[in-house]
Amino acid sequence: MALSGFDIDLPRWDQSTFMGRLKHFANITDWRTALLPDSRLDEAKALVESCRAGSVPPGTTEEQLHYAKKLYDSAFHPDTGDRMNLIGRMSFQVPGGMAITGGMLQFYRTVPAVVFWQWVNQSFNALVNYTNRNAASPITPNQIGVAYLTATSTALATAVGLNFYTKRAPPLVARWVPFAAVASANCVNIPMMRQQELLNGIAVTDENGNKLGHSKKAAVKGITQVVISRITMAAPGMSTFQRFKEEGSCRVSSRITFFHGPLQVMMVGAFLVFMVPAACSLLTVHSMAVSKLEPELRESILCRYGDSVQYVYFNKGL
């Protein structure tokens, strides 16, 4: 089969449907890709770039190209093409989330333990948020440091404060406070780590990828969608395991406390395997009507392109 004209960037699944997006994100957030060495990822990138240049190595199959694109999308940033740090990749959400959520649910009886695990969780979230930002918006090392400190400190204070409220809250309310803490912390952590996008705007393009300018409104829309996605990702696990924790695990393991931690971690992993791609698939609209942009940008686009450009497109991050 001749592959010289193969379009490797053409979506394999219909992105206009939830199931199509679910298959796409299940493909690129596959936790097994996080186990591969950098050399294998670099080989995949080289094959993708060769295909884009119209030079597919002889003997390469279509399946090999699809797998190379899967590895490329899972490990390299869509804006810069640079390899992302391992812990910040969405493919690392399952193993990372298993370890952290398991620790949060197992070690919750003392104030130092709660503070420590919430700090670990918010630091992990901050790294994920930074890694999956819109990298077209430049950010300096000092800005990264300030963003990390503000994101982790405010999110930590929110999460810990709400968790301590469970001691005084009615039982029905207390059950949902840990989830509310995680949700509230996400509402703080994500915008803080991506504050430069909110302050300076993100790059918007036409449907052909031609840059049209920067929009703060597009940044707000994109980051809002990411916040909703992350809260959805955490919802089933946190709500289920808070009940699991309060009821003393389950009948089978209640007398064997040694199994409580491993069982919780495995159950968290089972939820995340499905919830990571499902949450990413919920809101994937990367477009905005020109009429809803800032007046200056809207006028600039109308002057240059007239009515030929009705929508702008952007990378909202994950």
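**Exercise 1.** Determine how closely the axes of H2 and H3 approach and at what angle they cross.

*Solution.* The axes of H2 and H3 come within 8 Å and cross at roughly 115 degrees; axes are lines fitted to C-alpha atoms, for helices over the stretch in contact, and angles run from 0 to 180 degrees between N-to-C directions. Helices are DSSP runs of H or I with at least four residues, numbered from the N terminus. Next, list the contact (heavy atoms within 4.5 Å): H2 contributes residues including Leu41, Ala44 and Val48, and H3 residues including Leu65, Ala68 and Tyr72. Finally, the contact residues divide into eleven nonpolar, one polar and four charged; Ala, Val, Leu, Ile, Met, Phe, Trp, Tyr, Cys and Pro count as nonpolar, Asp, Glu, Lys and Arg as charged, and the others, Gly among them, as polar.

The model is predicted: local features need pLDDT of at least 70, side-chain atom pairs count only at pLDDT 80 or more, and totals for chains, interfaces and linings use all residues. Residues are numbered from 1 along each chain as its sequence is written, and side-chain values use heavy atoms, without hydrogens and water.

**Exercise 2.** Identify the buried residues of H3 and what covers them.

*Solution.* Buried means under 20% relative accessible area (1.4 Å probe, protein chains only). Among the residues of H3 that qualify are His66, Lys69, Lys70 and Ser74. Their cover includes helix H1 (18-28) and helix H2 (38-52).

**Exercise 3.** Locate Ser91 and state whether Ser91 is buried or exposed.

*Solution.* Ser91 lies in the loop between helix H3 (62-75) and helix H4 (93-106). With a relative accessible area of 1%, Ser91 is buried. Leaving aside neighbours within four places in sequence, the contacts of Ser91 include Trp31, Ala34 and Ser74.

Note on methods: Helices (H or I, at least four residues) and strands (E, at least two) are DSSP runs, numbered from the N terminus. Buried means under 20% relative accessible area, exposed over 50%, partly exposed in between (1.4 Å probe, protein chains only).
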